[in-house]
Amino acid sequence: MLRIPIAERPGWQKRAQEFGFEFHTMYGEKYWDESAYYQFSLEQIERDIESPTEEIHQMCLGVVDKVINDDVLMRRFCLPEAQWDFIRQSWLNGDPSLYSRLDFAYSGKGHAKLYENNADTPTSIYETGFWQWLWLQDNVDAGVLLPHSDQFNILQEKLVNRFKDIRYLTPDRVLHFACCKGTPEDRGTVQYLEDCANEAGLSTEFVYIEDIGRDAKGNFTDTKDQIIRFMFKLYPWEFMFQEEFSAQLGHNNIRWIEPPWKSILSNKALLPMLWKMFPDHPNLLPAFFEDELHLASGIDSLVKKPIFSREGSNISFIGDEKGVEASSGPYGEEGFIYQATHMLPKFGDSYTLIGSWLVDDQAAGISIREDRNPITQDMSRFLPHIIV
């Protein structure tokens with residue numbers, strides 16, 4: 001695994017605008033960064049990332065099955081009791097999932113270590129599935145990269161095929177896509193997924209989360225007063241469970257993507273459960289619930305993570321790495337879990353995180369994020385990769 005400088009494509013910013021990649025720069029800061037790329041061997045991808053991604057995913061599904069059947073664990077995950085039946089029924093019904101992203105610390109040597117599972121609202125899928133692939137093609141065509149250069153990236157193909165499966169499972173329903181207003185990255189992500197759904201033959205509509213209404217019968221509706229029966233929402237389940245309309249969840253005939261059972265996988269309480277069920281697994285880091293910290297004796301440094309934290313918010317270090325600046329954010333009231341510290345590898349001045357994508361339970365590609373801070377957050381830079 002190498003980080004290799006490369007010249008940027010002439011005029012790529014204009015091309016990005018033409019392809020709808022409007023968030024390549026945000027708040028005056030570079031988000032997409034093609035001044036360098038990461039190079040992997042095929043063995044590194046297949047053995048160290050692809051294979052453990054699929055294995056850990058199956059382990060995570062085992063955690064869901066255990067938590068669903070245990071009220072004590074449902075409370076451990078801070079899931080509101082009023083929604084337990086809604087969550088359980090989605091699992092028992094086998095409600096289909098579209099995608100997930102596992103985040104790993106990996107240096108090119110040894111075992112990739114799982115940081116967390118972004119199973120409900122993972123972003124950066126457009127950059128992964130389309131834009132970095134276009135970067136690869138352009139540089140191969142220009143002779144900058146060798147003709148046999150490849151990429152671990154079958155994400156778009158798998159997304160389209162998965163939407164075809166979901167269309168078969170939910171025929172004759174319009175699929176509504178939704179995200180919050182004022183979030184250009186989320187809007188770009190949702191538009192890309194809507195394009196994939198259209199390619200798969202689904203009829204789609206878009207509505208902002210803030211504009212969803214209810215009719216006299218309690219059905220959720222869009223701005224055209226169409227009843228919503230099928231929805232992809234880039235909006236976390238823990239937020240939805242706190243909304244005023246949450247009492248209606250499960251009482252109207254809606255198929256959700258991602259399904260409610262994903263509220264278990266996207267929850268940081270997943271990490272200590274994985275460690276309990278699969279202790280000493282080479283791709284896992286020791287992790288503990290707050291009231292079980294005595295089990296962490298002998299571990300010199302821990303990372304403190306809120307159960308509902310997203311995009312690196314409210315992360316802090318305890319022990320040997322306590323000098324690392326903590327990240328801010330709105331989370332923490334729900335409680336914390338603690339994970340053994342395993343710092344991201346550093347390439348030059350940047351810490352590097354690998355996101356490994358899954359579609360339909362299969363590994364589908366990787367994304368790479370860099371930051372000068374060891375905590376990867378929403379504005380951390382995205383860099384492309386190749387396989388040689």
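**Close-up views of the predicted protein chain**

View 1. Leaving aside residues up to four places away in sequence, Trp256 touches Phe86, Pro96, Phe220, Met231, Lys233, Trp237, Met240 and Leu249; contact means heavy atoms within 4.5 Å. Trp256 is also among the residues with the most contacts inside the largest nonpolar core, together with Phe40, Phe77 and Ile264. That core has 71 residues, and helix 2 gives the most to it, with ten residues. A nonpolar core is a set of buried Ala, Val, Leu, Ile, Met, Phe, Trp, Tyr and Cys residues joined through side-chain atoms within 4.5 Å. Apart from this core lies another, of 42 residues, including Ala16, Met26, Trp135 and Leu136.

The model is predicted: local features need pLDDT of at least 70, side-chain atom pairs count only at pLDDT 80 or more, and totals for chains, interfaces and linings use all residues. Residues are numbered from 1 along each chain as its sequence is written, and side-chain values use heavy atoms, with hydrogens and water left out.

**View 2. The cis peptide bond from Ile257 to Glu258.** Omega of this bond is near 0°. Glu258 is found in the loop between strand 12 (255-257) and helix 9 (262-265). Helices (H or I, at least four residues) and strands (E, at least two) are DSSP runs, numbered from the N terminus.

**View 3. Asn117 in strand 6.** Strand 6 covers residues 113-118. Asn117 counts as buried because its relative accessibility is 5%; buried means under 20% relative accessible area, exposed over 50%, and partly exposed in between (1.4 Å probe, protein chains only). Not counting residues up to four places away in sequence, Asn117 touches Cys60, Ser100, Arg101, Leu102, Leu265, Ser266 and Leu270.

**View 4. Asn69 and Arg88.** Asn69 has its place in the loop between helix 2 (42-68) and helix 3 (71-76). With a relative accessible area of 58%, Asn69 is exposed. From C-alpha to C-alpha, Asn69 and Arg88 are 8.1 Å apart in space, and they are 19 residues apart in sequence.

**View 5. Positive phi at Asp172.** Asp172 is not a glycine, yet its phi is about 60°. The residue lies in the loop between helix 6 (155-169) and strand 7 (175-179). Asp172 counts as exposed, because its relative accessibility is 83%.

**View 6. Positive phi at Asp361.** Phi of Asp361, a residue other than glycine, is near 70°. Asp361 sits in the loop between strand 18 (350-359) and strand 19 (362-371). A relative accessible area of 39% makes Asp361 partly exposed.

**Setting of the views: the whole protein chain.** The protein chain has ten helices and 21 strands. Its C-alpha trace spans about 60 × 55 × 35 Å along the principal axes. The radius of gyration is 21 Å, which agrees with the value near 21 Å for a compact globule of 388 residues; it is taken over C-alpha atoms, and the globule rule is 2.2 Å times the number of residues to the power 0.38. Of the 388 residues, 58% are buried. Among contacts between residues at least 6 apart in sequence, 69% join residues at least 24 apart.
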